[in-house]
Amino acid sequence: MIRLDKYIADSGSLTRSQASKAIRDGRVAVNGTVVRRPEQKVDETRDSVLLDAVPVRYEAFHFYMLDKPAGILTASRDRTQKTVLDLFPPEIRKHGIFPVGRLDKETTGLLLLTDDGDTAHRILAPKSDISKVYEARVDGILTEEDMMRFREGLVLGDGTRCLPAGLKILDGNRALVTVREGKYHQVRRMLASVGKPVLELRRLSVGGLSLDPGSEPGRFRALDEEDLCKLFMTVPLEK
Ligand code: URA
């Protein structure tokens, strides 16, 4: 059981004080009856809560997908540089969301943010085996031999061995790269190791979740039920 004002604030649309005011103004009904006491307890698993006659779904955790722009740090805060959290308004930041993993400053594309530490941990765990797909534009012409080397598992310049990865050539200097691990600067280092330095890198998907068609850097939205199903289908259950 939780307080009604917290229930509404956790659902994301209002701050706690806005929720309290909405309740006192008679805009909130619980199980069909208008309730004017913000401190009233509700059962978040059973009670039906309406705000202005629209159902409010309780969210214990919050998940967002951001199409990360280039030039922004993947971090929660930084003294001097703009971070991905700076792209979100305070009413979303208040949930305490943080980026799940990291995209390089110049990489664009799909970045998940959540306040669910357990799920973030399971997505990031080295044995999670979640595929991530990137579109890369490189300096040079990609070849069948590069594809074979990716498939066999590359050894990077410093001796780091990568798991087998996918390289699908779209045209001479553009390709889709699929990796199942998340080593530091991995895709850039893999392509550099076959002599094709990355000029542009964009992440298109993480597990079953992809950027929206026509998505543009800077856009973000909350994940809906369908997105969460797609994501959780690919996230292992154990830590
Ligand atoms: N691999 C990279 O090299 N950079 C990223 O941002 C993500 C994967």
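## A walk from the ligand to a buried strand

Let's start at the ligand: one of its nitrogen atoms is 2.7 Å from an N or O atom in the side chain of aspartate 104. That pair counts as a polar contact, meaning a pair of N or O atoms within 3.5 Å. Keep in mind that this is a predicted model, where local features need pLDDT of at least 70 and side-chain atom pairs count only at pLDDT 80 or more, while totals for chains, interfaces and linings use all residues. Residues are numbered from 1 along each chain as its sequence is written, and side-chain values use heavy atoms, with hydrogens and water left out.

A polar backbone atom of histidine 185 is 3.1 Å from an oxygen atom of the ligand, and a backbone N or O atom of valine 187 lies 3.1 Å from a ligand nitrogen. On its own the ligand has 240 Å² of accessible area, and the protein covers 95% of that (areas by the Shrake-Rupley method with a 1.4 Å probe). The residues around the ligand, with a heavy atom within 4 Å of it, include Leu103, Thr107, Tyr134 and Arg188.

Now zoom out. The domain assignment, which is automatic or from a database, gives domain 1 (2-55), domain 2 (63-126 + 209-232) and domain 3 (132-206). Taken over C-alpha atoms, the centres of domain 1 and domain 3 are 49 Å apart.

Because 6 of its 6 residues are buried, β7 is largely enclosed by the rest of the structure. Buried means under 20% relative accessible area, exposed over 50%, and partly exposed in between (1.4 Å probe, protein chains only). Phe63, Met65 and Asp67 point one way from β7, while Tyr64, Leu66 and Lys68 point the other way. In a regular strand, side chains alternate between the two faces of the sheet.

What does β7 pair with? Strands pair if DSSP finds at least two bridges between them. β7 runs antiparallel to β9 (residues 108-114), with 6 bridges, and phenylalanine 63 stands opposite threonine 114. β7 also pairs with β15 (residues 220-222) in the antiparallel sense over 3 bridges, where methionine 65 has arginine 221 as its bridge partner.

Leaving aside neighbours within four places in sequence, threonine 119 is in contact with Phe63 and Phe232 (heavy atoms within 4.5 Å). Threonine 119 is buried, with a relative accessible area of 2%.

Methods:
Helices (H or I, at least four residues) and strands (E, at least two) are DSSP runs, numbered from the N terminus. A polar contact is a pair of N or O atoms within 3.5 Å; within protein, one must be able to donate a hydrogen and the other to accept it, and residues adjacent in sequence count only if both atoms are side-chain atoms.
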